Amino acid sequence: MQSVEEDWQWILSQAEQARKSNDPFGARSWLISCKSLFPDNFQVQLFAYNFEKDCKKFRQAADVLTTMLNKFTGESQLWQLLRVSCLALLAGSNDDNAEFKEILSEFNEEERLQLLTATADNTQQVAEKCKLKLLILRNYPTTITTHGKELVNTLEEALNNPKDDRYLMEFESLLACSVVPLILKSDQILFTDDPVEDITNDIVYLPTTSLYNWLELSIRYFLLKKQSGNGAVHYKDVINTLVSVAVKANWADYDKIDKCFLPLLNGDVKGCWKHLQQLKQSDRTKEEILYSYFVLLCYTAYHYNLNVTGAFEMEDSANLALSSASNTGYVLLKSVYEVPTPIENSDDEDTYVKSKATVSEPSFYPFLTVANECWKVLADAKYRSDFRRIRKRIHFEYYFTSLRVDMLIYKGEYDEAIKRTNSHLLKTEFDDEEAPPSAIRFVLQLASCLLCTNKYKEACKNILKFVTLYAPVNHLQSSCGTDIVINFPNEGNNSPRCMKFIPYIDSNLTKFCIEHLLYCLQKGIKRRTDDTAMGHIIVLSQYDWPTYSSHFNLVADKIISNGQFTYASFFDYVINIDILEIFAHFNSMQESEDTKIRLSLLAKTSSSTRTRTVTRGLNKGAKEEFRMAMERQILKWNDCINEILQNFLTIEQDSILSCF
């Protein structure tokens with residue numbers, strides 16, 4: 001004897017078999033019989049609902065759904081069905097969505113609202129509940145006084161006290177991109193510093209602070225999505241939120257804010273800055289100035305970072321890094337290098353004249369200048385504390401570490417730049433083989449700033465560290481970019497200065513390192529009694545010969561003046577034909593009474609060599625050894641000088657630093 005459950009299951013199986021056999025009338029007969037026999041069975045009603053929906057009988061499906069809503073509100077399967085269908089409506093359209101839309105159309109407005117509200121109320125998962133409330137707000141704007149405030153509170157609570165970090169991005173997206181824009185467009189929600197509820201006029205009052213909280217959220221969400229590589233998120237959404245906040249908060253210039261930020265949509269940061277400056281400052285509240293300039297600052301910071309570092313920067317809790325191992329973009333450095341030129345009848349062999357360079361302004365330069373101007377406004381005592389709070393909330397330093405350092409270099413605040421770069425590098429944990437690109441950049445910028453403060457040894461130490469971390473070796477002769485030089489006129493009592501945007505390309509970076517090592521070693525010549533610094537200058541001057549031949553010429557003059565030169569590493573690193581010829585000539589002068597030069601260039605590796613100190617009575621063995629060493633070097637003239645210099649900068653680090 002069959003059980004009752006087996007009876008309804010058997011009848012439904014017959015209905016399903018008839019449906020699959022393309023016998024809709026037979027299937028419907030079986031279904032009618034089952035519904036009559038088992039009117040209080042939820043599974044029978046659920047089968048009937050799906051059957052009618054599949055047959056495109058939307059009126060009948062709506063009737064069955066009404067029955068289930070009246071009789072089976074305790075069935076979780078019913079709310080799961082409605083939840084999935086409603087969320088699909090919110091996400092987009094497909095065949096299932098179209099069918100559910102048709103079923104909903106069979107209900108009147110009030111019934112549809114009740115259905116959506118009941119579905120939301122019976123949803124436990126917070127993100128899904130919020131999405132369903134959002135669906136209600138979009139379809140029934142007048143319910144914003146009922147659901148709007150509640151939805152905002154739910155999302156803010158979820159963000160402030162997350163129970164599952166996986167949904168944080170979803171909550172921020174819902175609040176920043178969907179819920180807040182709806183609320184800001186509503187005439188039924190007003191903002192005041194003393195919020196009350198006006199039940200009679202169906203108006204909800206919220207605190208004005210909510211407006212600024214949402215604006216900060218909008219900026220944070222933009223940066224968060226950009227950091228994750230989502231190009232679809234546009235800063236226009238942030239600007240729209242700012243304009244709406246201006247209207248709702250009744251800013252003095254609320255009707256002009258839109259015009260001020262219109263140039264920004266075309267990337268014209270100077271135009272936006274100009275419009276903001278033209279607004280009458282005396283009539284504006286603290287919030288107007290604070291948020292207007294901060295929105296502009298974030299835009300300029302993001303685009304500067306993207307253009308200069310070649311990637312959108314980020315740092316995690318332990319390390320500084322870039323979102324990609326980028327070797328593109330630029331690094332901003334203050335160059336102190338000047339080409340040495342001998343001046344006739346001068347006793348100062350260390351005289352310099354400034355090198356000539358093409359001056360240009362890159363397309364991304366306005367992002368830095370406007371960011372700096374915005375920062376100056378916001379750093380004023382009236383805004384400083386709020387500015388600091390907002391930066392901390394949206395993780396500004398997290399995203400724009402390089403910008404902060406570049407701004408300090410741009411302003412000539414080298415001591416502060418040294419302090420900041422040192423701080424970041426101390427937080428960074430890495431070994432020499434896996435240094436993140438941002439840390440490598442900071443090392444070079446630190447060296448540049450140390451040079452500006454005349455700390456030559458520390459500067460050289462960081463240049464050598466950069467060479468070790470970057471370690472391009474055979475890549476030093478890659479395609480060369482153009483250094484972009486920015487000149488600053490006299491500023492008060494300060495002398496003119498210039499800075500460079502150097503392409504993050506092997507040859508340009510190596511050029512900067514070689515130039516500034518030469519600059520520092522040239523300074524070291526006067527500080528040393530031996531010839532180590534001069535020997536190192538000779539080695540480095542081989543780079544891109546004859547670009548730095550003037551350095552060698554100064555050393556050569558000094559050797560002639562001193563009448564002697566000792567450098568045991570000469571034959572380890574010098575292969576330039578011109579330099580070898582000059583030293584061959586110096587060697588021939590050792591027996592001359594008038595122009596005698598004592599040379600000691602051979603490594604002292606044996607007792608016999610040690611006895612051959614180059615003196616007036618030079619023996620033939622020493623002369624022969626020098627000749628053979630010179631011939632060996634000449635045969636190496638076509639070796640890769642960049643690889644030789646790389647080895648030199650790696651092996652001789654201690655020797656180079658000993659020159660200071």
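Helices, here runs of at least four residues in DSSP state H or I, and strands, E runs of at least two, are numbered from the N terminus. The model is predicted.

**Exercise 1. Work out how far helix α16 reaches and which of its residues are buried.**

Step 1. Take the length. α16 covers residues 365-378, which is 14 residues.

Step 2. Take the span. From first C-alpha to last, α16 reaches 20 Å, close to the 20 Å expected at 1.5 Å a residue.

Step 3. Check the cover. Of the 14 residues in α16, 11 are buried, and the helix is mostly covered.

Step 4. List the buried residues. In α16 they are Y365, P366, F367, L368, T369, V370, A371, N372, C374, W375 and L378.

Step 5. Check the confidence. Among the elements of the protein chain, α16 has the highest mean pLDDT, 95.

**Exercise 2. Classify the ring pair Y365 and Y410.**

Step 1. Get the total. The count comes to 34 aromatic pairs.

Step 2. Apply the geometry. Planes over 60 degrees apart count as edge-to-face. The rings of Y365 and Y410 have centres 6.3 Å apart and planes at 65°, so this pair is edge-to-face.

Step 3. Y365 is in helix α16 and Y410 in helix α19, and the pair links parts of the chain 45 residues apart.

Step 4. Check burial. Y365 has 8% relative accessibility and counts as buried. Y410, at 12%, is also buried.

Step 5. F571 lies in helix α26 (residues 570-573) and F626 in helix α29 (residues 620-635), 55 residues apart. Both F571 and F626 are buried.

**Exercise 3. Describe the largest nonpolar core and the contacts of F583.**

Step 1. The core has 170 residues, and F261, F294, L368, F396 and F583 touch the most other members.

Step 2. Find the main contributor. Helix α15 (residues 286-308) gives the most to this core, with 14 residues.

Step 3. List the neighbours of F583. Leaving out residues up to four places away in sequence, F583 touches I538, F552, I559, F565, F570, L599, L601, F626 and M630.

Step 4. Look for another core. A second, separate core has 41 residues, including L12, L31, C34 and L78.

Step 5. Return to the rings. F583 belongs to one aromatic cluster with W545, F552, F565, Y567, F570, F571, F586 and F626.

**Exercise 4. Pick out the backbone exceptions at N454, D544 and P546.**

Step 1. Recall the rule. Most residues other than glycine have a negative phi, and most peptide bonds are trans.

Step 2. Take N454. Its phi is positive, about 65°, although N454 is not a glycine. N454 is in the loop between α21 (437-452) and α22 (456-470). At 52% relative accessibility, N454 counts as exposed.

Step 3. Take D544. Its phi is also positive, about 50°, and D544 is not a glycine. D544 lies in the loop between α24 and α25. Its relative accessibility is 45%, so D544 counts as partly exposed.

Step 4. Take P546. The peptide bond from W545 to P546 is cis, with omega near 10°. P546 is in the loop between α24 (532-540) and α25 (549-562).

**Exercise 5. Find which charged side chains sit over the rings of F387 and Y504.**

Step 1. For F387, the answer is R391, at 4.6 Å from the ring centre.

Step 2. For Y504, the answer is R441, whose charged end is 4.1 Å from the ring centre.

**Exercise 6. Decide where the model calls for caution, using pLDDT.**

Step 1. Start with the whole chain. The average pLDDT is 82, and 82% of the residues score at least 70.

Step 2. Find the lowest element. Strand β5 (residues 320-322) has the lowest mean pLDDT, 32.

Step 3. pLDDT stays under 50 over residues 473-478, where the model has 15 contacts beyond four places in sequence. Residues 606-618 also stay under 50, with 15 such contacts.

Note on methods
Residues numbered from 1 in each chain as written. Predicted model: local features only at pLDDT ≥ 70, side-chain atom pairs only at ≥ 80, totals over all residues. Heavy atoms only, no water. Expected span 1.5 Å × (residues − 1). Buried < 20%, exposed > 50% of the residue type's maximum accessible area, 1.4 Å probe, protein only. pLDDT = per-residue confidence, 0-100. Contact = heavy atoms within 4.5 Å. Core = buried A, V, L, I, M, F, W, Y, C linked by side-chain atoms within 4.5 Å. Phe/Tyr/Trp six-rings, centres within 6.5 Å; stacked < 30°, edge-to-face > 60°. Lys NZ or Arg CZ within 6 Å of the ring centre and 35° of its normal.
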